[in-house]
Amino acid sequence: MNLTRRHFTVGAALAAILPPSLARATADPTSRELVLSDPEAPVLGNPNGDVTVVEYFDYQCPYCKTSYETVREVVEQDGKVRLVMKDWPVFGGASIIAAQAVLATAKLGKYEKALDAMFRTPLKLQQTDVEKALAKVGLTFDDVGKAVVKNQAWISSLLDRNWLQASAFKFVGTPSFVVGSTTFAGVLDRKGLKDAIAKARG
């Protein structure tokens, strides 16, 4: 997979790609602030870190699954990195269901554990796989379904912003990253991620 890197800026021209509801919003969903520090997005790693790593991912993406542990380990070992995992469910309906379910667990205090469990599911997801992942963190599919319904507006707005951001950066697949002010379309290996963090910090 080819890896491209570029610094990002967001201009008013991007408003043309927004759906009417988001185009009328006060904050531009593709702004640097909402890409790196969306107040509605769950944060892993060090919430007060000096560098933010954003990953756009899909639970059915093989590259996302194989690189997930590396990303988490690099962030943990560094100790000063904010990690924002942004669901970009490009693999279809099962990915959307998984994304909604895990985001809903944030409202139940189990987001990180649910995220870990979902990344350990098979590549091709079935509802039973999602149910098993949730069961591993002590949640039933029904419980999470109720949380999804209750928080549908929040979940939908997050997923909409993620999609618009990925489109604005012209990402063509998962995983894709933003580290500091640089975008990376494709997998970042351990060295690549460390180097990107060091560059953002420097």
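This is a predicted model: local features need pLDDT of at least 70, side-chain atom pairs count only at pLDDT 80 or more; totals for chains, interfaces and linings use all residues.
**View 1. Helix α3 packs against helix α5.**
Two packed helices are described by the angle between their axes and the distance between the axes. Here, α3 covers residues 62–78 and α5 covers residues 111–118. Their axes come within 10 Å and cross at roughly 140 degrees. An angle over 145 degrees would count as roughly antiparallel. The helices α3 and α5 are therefore oblique to each other. From α3, the contact uses Lys65, Tyr68 and Arg72. From α5, Glu112, Leu115, Asp116 and Met118 take part. Sorted by class, the residues of this contact are three nonpolar, no polar and four charged.

**View 2. Helix α3 also packs against helix α9.**
Helix α9 spans residues 190–201. The axes of α3 and α9 lie 10 Å apart, at an angle of about 40 degrees. Angles under 35 degrees count as roughly parallel. The helices α3 and α9 are therefore oblique to each other. Their crossing is right-handed. On the α3 side, find Thr70, Val71, Glu73, Val74, Gln77 and Asp78. On the α9 side, find Arg190, Leu193, Lys194, Ile197 and Arg201. This contact of α3 with α9 holds four nonpolar, two polar and five charged residues.

**View 3. The largest cavity has strand β4 and helix α8 in its lining.**
How many cavities of 30 Å³ or more does the whole structure have? A search finds two. β4 runs over residues 81–87, and α8 over residues 152–168. Each of these two elements supplies at least two lining residues. By class, the lining of the largest cavity has five nonpolar, one polar and two charged residues.

**View 4. The second largest cavity holds about 30 Å³ of space.**
Part of its lining is Phe57, Asp58 and Tyr59. Asp87, Trp88 and Pro89 also line this cavity. Ser95 and Ala99 belong to the lining too. The residues around the second largest cavity divide into five nonpolar, one polar and two charged.

Definitions and conventions
Residues are numbered from 1 along each chain as its sequence is written. Side-chain values use heavy atoms; hydrogens and water are left out. Axes are lines fitted to C-alpha atoms, for helices over the stretch in contact, and angles run from 0 to 180 degrees between N-to-C directions. Helices (H or I, at least four residues) and strands (E, at least two) are DSSP runs, numbered from the N terminus. Angles under 35 degrees count as roughly parallel, over 145 as roughly antiparallel, 65 to 115 as roughly perpendicular and the rest as oblique. Contact means heavy atoms within 4.5 Å. Ala, Val, Leu, Ile, Met, Phe, Trp, Tyr, Cys and Pro count as nonpolar, Asp, Glu, Lys and Arg as charged, and the others, Gly among them, as polar. On a 1 Å grid over the protein atoms alone, a cavity is a set of points where a 1.4 Å probe fits but cannot get out, and a pocket is an open set with protein on both sides within 12 Å along at least five of seven lines; lining residues have an atom within 4 Å of a point. Grid points are joined across faces, edges and corners, and a volume is the space filled by probe spheres set on the points. A crossing is left-handed if the near helix is turned anticlockwise from the far one by less than a right angle, and right-handed if clockwise.
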